Amino acid sequence: MIGLLALTIAAVFAGAAIYVSVAEQPARLRLDDGALLREWQPSYKRGAAMQASIAIVACVLGLIAWWRTGGHAFLAGAILIILPWPWTLIAMMPTNRVLEAMDVGADNPRARPLIVKWGNLHLVRVALGVLATLAFVWGSRLG
């Protein structure tokens, strides 16, 4: 049961990450430069808080499922679902900080290329979420 819950929560993470990459990011990139940054800043703050908490819950559930069953797929899923944390802190945070510090009322010619870069970096979070979900599927089928 815990494994299925971990699977469900990981799938929510993956779904949210996919949504950002296939719907939200392309839509925001169609905005003019000023509106682009005005949309990205609050969207990122809300999305980061949501996805970070989802990743922690799925990781903990995956670790509990691994502890209870000994299924290595659950351990793999737990590791994969928490990897977006270090990826974000190490690889994405420099870009995030620059974008968060920009004044939305000022002309920011660097905003668009940085938001495009952010979107490309975000694809790693998508991949990790999908891989974690697949690991939890595998663990759930074996257990």
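## Cores and a pocket

In this predicted model, the largest nonpolar core runs to 16 residues, with I9, A10, F13, A58, I81 and F136 making the most contacts inside it. A nonpolar core here is a set of buried Ala, Val, Leu, Ile, Met, Phe, Trp, Tyr and Cys residues joined through side-chain atoms within 4.5 Å, and buried means under 20% relative accessible area with a 1.4 Å probe, protein chains only. At least two residues of this core come from each of α1, α2, α3 and α5, and α2 gives the most, 6 residues. Helices are DSSP runs of H or I, at least four residues, numbered from the N terminus.

| Helix supplying the core | Residues |
|---|---|
| α1 | 2–28 |
| α2 | 33–69 |
| α3 | 72–82 |
| α5 | 111–142 |

Take A58: leaving aside neighbours within four places in sequence, A58 touches A6, I9, A10, I81 and F136, contact being heavy atoms within 4.5 Å. Apart from this core lies another, of 13 residues, including V20, L37, L99 and L114.

Now for the largest pocket, with a volume of about 370 Å³. Its lining has 23 residues, and Y44, G47, A48, Q51 and R125 are the closest to the centre. Again α2 turns up, with the largest share of the lining at 9 residues; α1, α2, α4 (84–101) and α5 each supply at least two. By type, the lining splits into 14 nonpolar, 5 polar and 4 charged residues.

A note on bookkeeping: residues are numbered from 1 along each chain as its sequence is written. Local features need pLDDT of at least 70 and side-chain atom pairs pLDDT 80 or more, while totals for chains, interfaces and linings use all residues, and side-chain values use heavy atoms, without hydrogens or water.

Definitions and conventions:
Buried < 20%, exposed > 50% of the residue type's maximum accessible area, 1.4 Å probe, protein only. 1 Å grid on protein atoms, 1.4 Å probe; cavity = no way out; pocket = protein on both sides within 12 Å on 5 of 7 lines; lining within 4 Å. Points joined across faces, edges and corners; volume = space filled by probe spheres on them. Nonpolar A, V, L, I, M, F, W, Y, C, P; charged D, E, K, R; others polar.
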